[in-house]
Amino acid sequence: MPRQPTPDDASSRPAPLISNVADTALIFEGGGMRASYTSAVAVTLLRAGIHIDWVAGISAGASNAVNYLSRDAWRARHSFVDFVTDPRFGDWRTFLRGQGLFNAAYIYEQTGLPDGSMPFDWDTFRSNPARLRVGAVRCADAEPVYWSEADMNEPFDMMVRVRASSTMPGLMPLTSIDGIDYADGALGPTGGIPLDAALADGFDKFLVVLTRPRSYVKRPARLPTVYRQVFRRYPAMAESLLTRWRGYNETRELLFELERDGRAVLFVPDDMPVSNGERRVERLSAAHELGLAQARRELPSWREFLGLDGA
């Protein structure tokens, strides 16, 4: 006969995860190693016990999103700071072997395994009731694709989609899922800010984490012939690369308008001291500390906007 549950069994179970903000979309922009600065937002939200019920990310923002949903502040920081010291992180040698300047298969599909260098808390991620959107671009037609937690039934499903979202073409091999090639979601029409996904899901309040200073304006791409040569198999991708500057700037302008209307709170770096390809751990660590300092200053305004100022 099966053993009957006892009161002690119930009390020993972990409390179910809950979200305490349901009316706001949390959006993480991409930006490569600039996420050393903005991962501080994920860390600060987690330390403050702020659990938002809808989260989207593209490229490095996808890593921030899944680390936030696994409620792992250590991994949120480590992913964009100390991890660069791992000798398997990638360099020109892995690039020449066809693995990418950033060794994508290792970074996204191996480190998060239980015996990997940066284990991912899959159980917490799966137990989190929040909804997730991870954005990439389908190479055949350069159309944006958003995956949700429903597409992630096991760890590899999540890892390969975050990899696809982060695949910088030319620097990393394209990511294939079910025989379809995908590349960095930053090549899509919003330029790497998944505001369109939040709007499509009906949100009208937004907490948005940007990776460029407020004065930044993206310029048209140079060397269009080179892009068309690199993407001769996928001409739609070449055209997307050449025009994404316009969509990126338009998305930022819309966000600034939403901010003026009181419908968005934007985390905009006071300064961005690192580039998307930064590899020096001391500079990444300093950037993270700057991000933490800014996030702590802005936390009270986040609480007020999210309706948690009395919590």
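This is a predicted model: local features need pLDDT of at least 70, side-chain atom pairs count only at pLDDT 80 or more; totals for chains, interfaces and linings use all residues.
Let's start with the ring pairs. There are ten aromatic pairs in the count. One of them joins Phe 83 and Tyr 106, a tilted pair. Phe 83 sits in the loop between helix H4 (73-78) and helix H5 (92-96), while Tyr 106 belongs to helix H6 (residues 104-109), so this pair ties together parts that are 23 residues apart in sequence. Both Phe 83 and Tyr 106 are buried. The two also belong to a cluster: ring pairs link Phe 83, Phe 89, Phe 102 and Tyr 106.

Now for Phe 267 and Trp 302. Their planes stand at 75°, so this pair counts as edge-to-face. Here, too, distant parts of the chain are linked, with Phe 267 in strand E8 (residues 264-267) and Trp 302 in helix H12 (residues 281-305), 35 residues apart.

| Pair | Centre to centre | Angle between planes | Type |
|---|---|---|---|
| Phe 83 and Tyr 106 | 6.3 Å | 35° | tilted |
| Phe 267 and Trp 302 | 6.2 Å | 75° | edge-to-face |

Rings can have charged neighbours too. The charged end of Arg 212 sits over the ring of Tyr 216, at 4.2 Å from the ring's centre. As for Tyr 248, Lys 218 lies over its face, 5.0 Å from the ring centre.

Note on methods: Residues are numbered from 1 along each chain as its sequence is written. Side-chain values use heavy atoms; hydrogens and water are left out. Rings of Phe, Tyr and Trp (its six-membered ring) pair if their centres lie within 6.5 Å; planes under 30 degrees apart count as stacked, over 60 as edge-to-face and the rest as tilted. Helices (H or I, at least four residues) and strands (E, at least two) are DSSP runs, numbered from the N terminus. Buried means under 20% relative accessible area, exposed over 50%, partly exposed in between (1.4 Å probe, protein chains only). A charge sits over a ring if NZ of Lys or CZ of Arg is within 6 Å of the ring centre and within 35 degrees of the ring normal.
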